[in-house]
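Open the model in your viewer and keep the sequence panel in reach. The stops below say what to select and what is there.

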Amino acid sequence: MSGIRITYSGLVSLSFGLAKIIVGLFFVTIITRLLLVEEFGTWALISGLFVYGMILAPMFSFWATRETARKINSGKTSVLAEGLFSVAGMGIYILAVILVSPQTDVDHNVLIFAVLLIPAMYIHKILSSINLGWKPHTVSLSNFCADLAKIPLVLIFLYYLDMGVVGVIIAFFIGYVINNIALLWYGREKVKNKIKKEFIQKWLKISWLPLYPQIAPLFARSDIVIFTVITGSVIGLAYYSASLIIAGIVGFAGAFSIGVYGKLLGEEKKNYLGHSITLQTYFMILFAGLSIIFAEYGLFVLNPIYQIASLIVIILTIRIFFQTLNTLFSNILTGIEDVDTKIESKFKDYIKSKLFVVPTIQLIQTISYVCLLSFVLIISSDTSTQLELVVWWVLLAVCVEIPLTIFLLKLIRKSVEINIEKIRIGKYLVVAIIVFGTTFMFLDQNEISNSWFFHPDQLHGVNGLIEFLPPLLFFVILSSISYFIITGIIDSKIRDLFRSIIHEVKKTK
């Protein structure tokens, strides 16, 4: 029987996720306002190249969550193995840099220096995976602490020392060290066991199984490299990354269902799945409304030079909405699969299992996406601006994401009895349209939309933010509270959620 409490883990993770949004936005605002557009684009390219360096990480982290949830003591062995294989990850990352950097206008040395982050990211991956099968909410807590620590670091390295992208890399490295120490502390019970070579032999023998699902993300994240190589510039990446910061708020709603995967691995009951999908969608709708309505204002906070990318934020919000659903659906499908618990399972059994079928579906999607993107960029790069190319980029991403959502949902319904509460979700959507539609109408009448807001003199620096943020935050908080109140009045499930929150708060006193 799993000891994971879905609602508790979800509420704690979501709470720290909300705090992380605030801290994270403050952190990235410092970066986007102190880095030049070209420098911010370089950081975006580095982030895209990390996917190659991290391709080997799931060889052990994949099993860490599943075995921890099933009370198999392999924690210390998995940490050791992950650390050793991070060296190979560093080599793969450097090879990717060597192949990509000659096609771009970025500093080769800066890209190489970023290899410093690879081993820290490998250790973070394995420790997070162990905690996800043990105490899922601690992952959000440690991430929040690390983000908080990175704020003074990035101020020192960027504002006082003017180190540019190198300063960002160092700040992230120290942040990962802090994060890993916290995760190690929370998961210390699971890494006190002995190192056993039998575990490593088993993991290496079927290493193709956790590595195969990485092919799809590898293709998907290659869009950043493809865009850079075809256009020869990182300017478009800067607009894309700034927009992704605002639109990415939707993804934080996935924290509500962070415990679903571990709980599915640890017990046979599945009657809570419909409830988890409904509540995660509830928060996704809220965050999507905030991202769309405040797209232009959020970009201004980051840096007014990115304001013209508000359309990209809106389209990306739709994409991330469905991406977040797809992550939950994939976790459900792989979580209910038990082929790896059967000693008699052979290669053909794994091939037929959801551990192989789900990533195969995702691979087909991402190959289609990359091929379409490459074709569109090749025929449009000479006649379109960087901004127009990014718009085409994100539109294609949405077009391939929605069919995957539909397919995965159908697969879930075939695999497990689940109640998708369409009427409830529909009510949340209607309330969001009313609330955020009303907010949008009032925004134009408020001082935050005065002409100074768009003045080019505000491009670099922080002048005006002190006056701008209070009215903006007022509307953000007002619209969010209105959404909570109205949905709480019309829907019993939301009232039950609020009671659960109050109950958990009282228990902690």
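Predicted model: local features only at pLDDT ≥ 70, side-chain atom pairs only at ≥ 80, totals over all residues.

**Stop 1: an exposed loop residue**

Glutamate 417 has a relative accessibility of 78%, so it counts as exposed; the term means over 50% relative accessible area, while buried means under 20% and partly exposed is in between (1.4 Å probe, protein chains only). Select the loop between H19 and helix H20 (422-443) to find glutamate 417. Helices here are DSSP runs of H or I with at least four residues, strands are E runs of at least two, and both are numbered from the N terminus.

Residues are numbered from 1 along each chain as its sequence is written, and side-chain values use heavy atoms, with hydrogens and water left out.

**Stop 2: the whole chain**

Zoom out and colour by secondary structure: the chain has 22 helices and 0 strands. Of its 509 residues, 56% count as buried. The chain exposes about 22400 Å², 68% of it supplied by carbon and sulfur atoms; these areas come from the Shrake-Rupley method with a 1.4 Å probe, and for residues only the protein chains shown count as cover. Among contacts in the chain with a separation of 6 or more, 85% are between residues 24 or more positions apart; contact means heavy atoms within 4.5 Å.

**Stop 3: the nonpolar core**

Select Ile31, Trp43, Ile46, Leu49, Tyr93 and Trp393, the residues with the most contacts inside the largest nonpolar core, which has 148 residues. Helix H19 (residues 386-415) gives the most to this core, with 13 residues. Such a core is a set of buried Ala, Val, Leu, Ile, Met, Phe, Trp, Tyr and Cys residues joined through side-chain atoms within 4.5 Å.

Which residues does isoleucine 46 contact, leaving aside its neighbours within four places in sequence? They are Tyr93, Val110, Leu111, Ala114, Val165 and Ile169.

**Stop 4: H2 against H12**

Show helix H2 (residues 37-53) with helix H12 (residues 235-247): they pack at an angle of about 75°, and their axes are 7 Å apart. H2 and H12 are therefore roughly perpendicular to each other, a label that covers 65 to 115 degrees; under 35 is roughly parallel, over 145 roughly antiparallel and the rest oblique. On the H2 side, the contact is made by Val37, Glu38, Phe40, Gly41, Ala44 and Leu45; H12 brings Ile235, Leu237, Ala238, Ser241, Ala242 and Ile245.

**Stop 5**

Go to aspartate 162, in the loop between helix H7 (137-160) and helix H8 (165-186). Aspartate 162 is exposed at 64% relative accessibility, and has a positive phi of about 50° although it is not a glycine.

Next, select isoleucine 433 in helix H20. Isoleucine 433 is exposed, with a relative accessible area of 57%.

Finish at isoleucine 22 in helix H1 (residues 6-34), exposed with a relative accessible area of 63%. Isoleucine 22 and leucine 148 are 126 residues apart in sequence, with 9.9 Å between their C-alpha atoms.

Methods. Axes fitted to C-alpha atoms, helices over the stretch in contact; angles between N-to-C directions.
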